[in-house]
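Hi everyone, thanks for making time.

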Amino acid sequence: MRRWRLVLGGQGADGTGCSLSGTDAAMDRTLEALYGSGGGDGAGGSGTAAGRSGGSQGAGSGARSGGLGGSAPQVARWLGDIRTYFPTSVVQVMQRDAIDRLGLSALLLEPEMLEAVEADVHLVGTLLSLNKAMPETTKNTARAVVRKVVEDLEKRLATRTRATLTGALDRSARISRPRHRDIDWDRTIRANLKNYLPDHRTVVPERLIGYGRAARGVKKDVVLCVDQSGSMAASVVYASVFGAVLASMRSLATRLVVFDTSVVDLTEELDDPVDVLFGTQLGGGTDINRALAYCQSQITRPADTVVVLISDLYEGGIREEMLGRVAAMKASGVQFVTLLALSDEGAPSYDREHAAALAALGAPAFACTPDLFPDVMAAAIERRQLPIPDMVMHQ
């Protein structure tokens, strides 16, 4: 009953008959400030029994609305309270709800507020969207918040990405006279199945297939082409981190291009993903065709190039030219990968017509989690089938 009382909000019709005290009452006040009836003091009010999930609606509807108001000190206290009463994962959800439901984005422009929030990928996206309006007094604090998130992501993703892609690069260089320790037994057996001797229950390997030794110099070119429209904020953050990781690998030449209706090449900033992120400008329109035209102009070794387009495919440019560029790149030997999102959120809203057209060209569009991205890149480098999640690929 206590938990139902916290969920329903304690209005007259919640039916629990349960009263709260101590920590529970304080926790209830933090929930009421965000999800309860408006009062401006963060302590709740009358309202209705619509429950915590009722959303913030117009007063005329009789529904509950938030009560944090616009006071920075009050919000700072509330941010401290939710970190006291709830685990980090819940805190991040409540912060996003406060920004979305109560319009608290402007308060993030104050350094004291930034120091109080729990930083995550979504907060970084919000800060980047506010970048141009951010006063100089706040930018250093904002960069520190963004850097903390980026460093945490690099720790989580960098080691596995390097290991997976290094193996893929080695395997992509096949040799026909390998030393014993370099033999790719799986491919060798498959290539020699016609030489199976039933009486001896063995395969006679007439042809050996081996892994090539890692050579110095660039083996593959990678172009990350990232849509920086507002809906792609989390993808931009992850793409910047992966771009920095890929750029640190000597066997890869990595280029990062971000676009809306204009195109910006951020390759020179790849040694610091924080600089990359502050070089983006979230929001605006989308011209995928123009971005692909630029990427196409930078390709010098088509057979050794992987182009990764990260976009929800809502095209504001010339659709036929966009598809024509993809077809031309694939015909020249480029490995083309289309990701509808690079985030943990799953399949986003996207243009299904464009996704179907790309799939018909042999570039299926699907959402990709950060944990899956190294495997997708490895498959593209080795020119094998992409590990597309069944539930998110556009059919």
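Let me start with a term: a salt bridge here is a side-chain nitrogen of Lys or Arg within 4 Å of a carboxyl oxygen of Asp or Glu. Before I use it, two bits of housekeeping. What you see is a predicted model, where local features need pLDDT of at least 70, side-chain atom pairs count only at pLDDT 80 or more, and totals for chains, interfaces and linings use all residues. Residues are numbered from 1 along each chain as its sequence is written, and side-chain values use heavy atoms, with hydrogens and water left out.

Okay, salt bridges. In general, side chains of opposite charge can pair when their charged atoms come close. A search of the whole structure turns up 19 salt bridges. Take Arg319 and Glu353, whose side chains meet in one of them, at 3.7 Å from N to O. That pair links distant parts of the chain: Arg319 sits in helix H12 (residues 319-331) and Glu353 in helix H13, 34 residues apart. When I say helix or strand, I mean a DSSP run, numbered from the N terminus: H or I with at least four residues for helices, E with at least two for strands.

How accessible are the two partners? I'll call a residue buried under 20% relative accessible area, exposed over 50%, and partly exposed in between, using a 1.4 Å probe and protein chains only. Arg319 has a relative accessible area of 25%, so it is partly exposed. Glu353, with 54%, is exposed.

Arg325 pairs with Glu321, with the closest N and O atoms 3.8 Å apart. Both lie in H12, four residues apart, about one turn of the helix. Arg325 is partly exposed at 23% relative accessibility, and Glu321 is partly exposed as well, at 38%. Elsewhere, salt bridges that share partners join Lys220, Asp221, Arg301 and Asp304 into one network.

Here's another pair that reaches across the chain. Asp344 and Arg156 meet through their side chains in a salt bridge of 3.8 Å, N to O. Asp344 is in the loop between strand E9 (335-342) and helix H13 (352-360), Arg156 is in helix H7 (residues 136-172), and they are 188 residues apart. Asp344 comes out partly exposed at 42%, and Arg156 is partly exposed at 38%.

So which residues does Tyr238 touch? Contact means heavy atoms within 4.5 Å. Leaving aside neighbours within four places in sequence, Tyr238 is in contact with Val121, Leu153, Arg156, Leu157, Leu342, Ser343, Asp344 and Pro370. Tyr238 itself lies in helix H9 and is buried, with a relative accessible area of 4%. Val150 is 88 residues from Tyr238 in sequence, yet their C-alpha atoms are 8.6 Å apart in space.

Helix H9 leads us to the strands. Strand E5 (residues 220-227), helix H9 (residues 233-247) and E6 make a right-handed β-α-β unit. Right-handed means that, with the strands pointing away from the viewer, the path from the first strand over the helix to the second runs clockwise. Two strands count as paired if DSSP finds at least two bridges between them. E5 and E6 pair in the parallel sense over eight bridges, and Asp221, from that salt-bridge network, stands opposite Ala253 in E6.

Val258 stands opposite Val264 in E7. Why do I call E6 largely enclosed by the rest of the structure? Because six of the eight residues of E6 (residues 252-259) are buried.

One more buried residue: Gln95, in helix H4 (residues 88-102), has a relative accessible area of 6%. Gln95 touches Leu79, Ile82, Val117 and Glu118, not counting residues up to four places away in sequence.

To finish, the whole chain. The secondary structure comes to 14 helices and ten strands. Buried residues make up 49% of the 395 residues. And of the contacts with a separation of 6 or more, 73% are between residues 24 or more positions apart.
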